[in-house]
Amino acid sequence: MTLDETSRAIIRLLQLDGRRAYADIAKEVGLSEAAVRQRVRRLLDAEVIQIVAVTDQIQMGYPRAAMIAIQVDGDVQDAARLIAAIPEVDYLVSTAGGIDLLAEVFATDDQHLYRLLNHVRAVDGVRSAQTYMYFKIHKQTYQWGVK
């Protein structure tokens, strides 16, 4: 999907406030409310954007967070599909360099994180999985991607 300047402006406004009224957005970008609604629907359908509630994992009962650097023997896509099916994995990307996959996970406690790591290591094709626990998040933003 090609994004024109109007779609980019709509995205910028939604990044600031995902609950912003279509009528307000329409005034700012010079379209009708219906046109904005249609554009947002197309952006959602094309998976260019998601409009979600961002949560604080600690307040949601998941005080343990970590990145897992995963090396795979064999088909990386097969391993990625199996790892992505694990509910505690909220972010999974293929990478270039010394690892094949990078997964972000959330757990309720150390034992939960331990079981989760063992689950990842048991996936067919996983050669190694190195865990990097979070102690403090210094920056987390969702205001990027559109200039």
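**A hairpin, a pocket and selected residues**

In the hairpin formed by S2 and S3, six residues lie between the strands, and among them Gly 97 takes a positive phi near 110 degrees. Helices (H or I, at least four residues) and strands (E, at least two) are DSSP runs numbered from the N terminus. The model is a predicted one, in which local features need pLDDT of at least 70 and side-chain atom pairs count only at pLDDT 80 or more, while totals for chains, interfaces and linings use all residues. Residues are numbered from 1 along each chain as its sequence is written, and side-chain values use heavy atoms, with hydrogens and water left out.

Strand S2 (residues 89-94) and strand S3 (residues 101-107) pair in the antiparallel sense over five bridges, where pairing requires that DSSP finds at least two bridges between two strands. Within this pair, Leu 92 stands opposite Ala 103 in S3.

A positive phi also occurs at Glu 47, where the angle is about 60 degrees although this residue is not a glycine. Most residues other than glycine have a negative phi. Glu 47 is placed in the loop between helix H3 (33-45) and strand S1 (64-72), and it counts as exposed because its relative accessibility is 71%; buried means under 20% relative accessible area, exposed over 50%, and partly exposed in between (1.4 Å probe, protein chains only). Gly 18, in the loop between helix H1 (5-16) and helix H2 (22-29), has a relative accessibility of 35% and therefore counts as partly exposed.

His 112, by contrast, belongs to helix H5 (residues 110-121) and is buried, because its relative accessible area is 11%. When neighbours within four places in sequence are left aside, His 112 is in contact (heavy atoms within 4.5 Å) with Tyr 62, Glu 88, Phe 106 and Ala 107.

The largest pocket holds about 1500 Å³ of space. A pocket is here an open set of points on a 1 Å grid over the protein atoms alone, where a 1.4 Å probe fits and protein lies on both sides within 12 Å along at least five of seven lines; lining residues have an atom within 4 Å of a point. Its volume is the space filled by probe spheres set on the points, which are joined across faces, edges and corners. The lining of the largest pocket comprises 38 residues, of which Gln 50, Val 52, Val 54, Thr 141 and Tyr 142 lie nearest the centre. H1 gives the most to this lining, with five residues, and H1, S2 and S3 each supply at least two.
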